[in-house]
Amino acid sequence: MIRRARIPRAAIRRALIRKAVSGWAGAVALIVGSVGTGCGYHTVGSAADLPQNIHTIAIPGFVSHSQTFRIEQLLTDAVVREFDARTQYHVIHDAHADADAVLKATVLSASASPLVYDSQTGRAVSALVTVSVQVTMTDRQGKVLFENPAYLFHDQYEISSDLPSFFQEDSPAVDRLSRDFAHTLVANILEAY
């Protein structure tokens, strides 16, 4: 019979506190870094002035390479609503010949990772959500009007007790993230005017 060493509860508690403190230090560093760079949104894409002849934009459903359930649908819907609210363009869902421009996007990844831990319970109390999206807008002839091959969007949200349930389809956090992404994307495209 092999005898296992017993780890005292005090040692486990100290280890959890050390982990919480190091997680807290990382969160503070992330927040300080975000404050120093503005709002935290970085656009690495490029845009050219949208031609005057564009009146109809097709936004077909985004494609997803992520395992996150329905994230592509939530992002597509949010972008369509944002275009409808902020522009005079007629938005359609099918990329066919009637569209003057087509906006396509691929969700490359979507993840949530613990950011801050509760020092009492050792559970994560906030998470950093990161979504990477590739976006391209082309005209009828295939000329690129807007492109961002690595749109990285992230935000911090408070979470409940378990991280896997964070990306549920009715999650308010994912809805907020989708709206923030859509607002930023449409603003970046409209900055070309």
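Modeller: This is a predicted model, and we can start with the nonpolar core, then go to the loops.

Biologist: Which residues touch the most other members of the largest nonpolar core?
Modeller: F83, L103, M137 and F181 do, in a core of 38 residues.

Biologist: Which helices and strands each supply at least two residues of this core?
Modeller: The helices are α2 (71-86) and α3 (172-190), and the strands are β5 (101-117), β6 (124-139) and β7 (144-158).

Biologist: And which one gives the most?
Modeller: α3, with 9 residues.

Biologist: What does F181 touch, leaving out residues up to four places away in sequence?
Modeller: F62, L75, V79, V133, V135, Y151 and F153.

Biologist: Switching to the loops. Where is R70?
Modeller: R70 sits in the loop between β3 (63-64) and α2. The phi of R70 is positive, about 65°, although R70 is not a glycine.

Biologist: How accessible is R70?
Modeller: The relative accessible area of R70 is 23%, so R70 counts as partly exposed; the cut-off for buried is under 20%.

Biologist: What about D94, buried or exposed?
Modeller: D94 is exposed, because its relative accessible area is 54% and the cut-off for exposed is over 50%. D94 lies in the loop between β4 (90-92) and β5.

Biologist: How many residues apart in sequence are D94 and A58, and what is the C-alpha to C-alpha distance?
Modeller: They are 36 residues apart in sequence, and their C-alpha atoms are 5.9 Å apart in space.

Conventions. Residues are numbered from 1 along each chain as its sequence is written. This is a predicted model: local features need pLDDT of at least 70, side-chain atom pairs count only at pLDDT 80 or more; totals for chains, interfaces and linings use all residues. Side-chain values use heavy atoms; hydrogens and water are left out. A nonpolar core is a set of buried Ala, Val, Leu, Ile, Met, Phe, Trp, Tyr and Cys residues joined through side-chain atoms within 4.5 Å. Buried means under 20% relative accessible area, exposed over 50%, partly exposed in between (1.4 Å probe, protein chains only). Helices (H or I, at least four residues) and strands (E, at least two) are DSSP runs, numbered from the N terminus. Contact means heavy atoms within 4.5 Å.
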